[in-house]
Amino acid sequence: MPSPIHLRRRHVMLAASAAMLPLPVWAGGDVGVVETTEGKAWAAGSPARDLVAQAAVFLGDEVGTGPESRLAMMLAGTTRILMGPQTTLTIDQYTAEAGGELVLGDGALLFDRDEGAPKTPVQLSTAFGLIAVRGTRFFAGPSNGKFGVFVERGEVRLSGGGVEVALLPGFGSDIAEPGQAPSAPARWKQARIDAAMALVGA
């Protein structure tokens, strides 16, 4: 079985990101809807507002959760996002047809794209690295004292510190500090997977 690790220069990823054209707005400005909330959730957009079930979320919103709080939302009818406590996520761009760009500020999330959805590119930026996604289900956030990314279905590419790794189902990678390279992909033990999923309420 070939090794799932691939090294590339990070500037290739960044150049591809910069080359992306602006994406059309889905549903006249709203890009998704909140499915459930637990505790405190809000959107720091225009206007800033508290979020409850069935509330719309818009391009440019920074969606956040408070301590001991969680939120589940559906983006573009194809992608479910589960957010753990004290998590912030900015929706820069998102459509079912053209993909999108998201920014994870703090905390943890589970990204779950419908298997039948178009395999459009999505990029999740974090302080630790860039995650390039195509039709998949993965966790990103604190795990075992580091920033961890774990793939349950599909494939993602995690880049940081000038290095890129490819993660296949059952594999994860860690970045200890912003600017450092991700670790070589390794299979996560079930206890670690369970802790990550519990963090986001999955």
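Reader: Why is Trp42 called partly exposed?

Author: Good place to start! In this predicted model, Trp42 has a relative accessible area of 27%. Buried means under 20% and exposed means over 50%, with partly exposed in between. The 27% of Trp42 falls between those limits, so Trp42 is called partly exposed.

Reader: Where does Trp42 lie, and which residues does Trp42 touch?

Author: Trp42 is part of strand S2, residues 41-43. Leaving aside residues up to four places away in sequence, Trp42 touches Arg49, Asp50, Leu51, Glu62, Val63, Gly64, Thr65 and Gly66.

Reader: And why does Thr87 count as buried?

Author: The relative accessibility of Thr87 is 0%. Buried means under 20%, so Thr87 counts as buried. Thr87 is found in the loop between strand S7 (79-83) and strand S8 (88-95).

Reader: What makes the pair Thr87 and Gly84 a polar contact?

Author: A polar atom of the Thr87 side chain lies 3.0 Å from the backbone oxygen of Gly84.

Reader: How much of the chain is made up of buried residues?

Author: Buried residues make up 48% of the 202 residues in the chain. As for secondary structure, the chain has two helices and 16 strands.

Key. Residues numbered from 1 in each chain as written. Predicted model: local features only at pLDDT ≥ 70, side-chain atom pairs only at ≥ 80, totals over all residues. Heavy atoms only, no water. Helix = DSSP H or I, 4+ residues; strand = E, 2+ residues; numbered from the N terminus. Buried < 20%, exposed > 50% of the residue type's maximum accessible area, 1.4 Å probe, protein only. Polar contact = N/O pair within 3.5 Å; in protein donor to acceptor, adjacent residues only side chain to side chain. Contact = heavy atoms within 4.5 Å.
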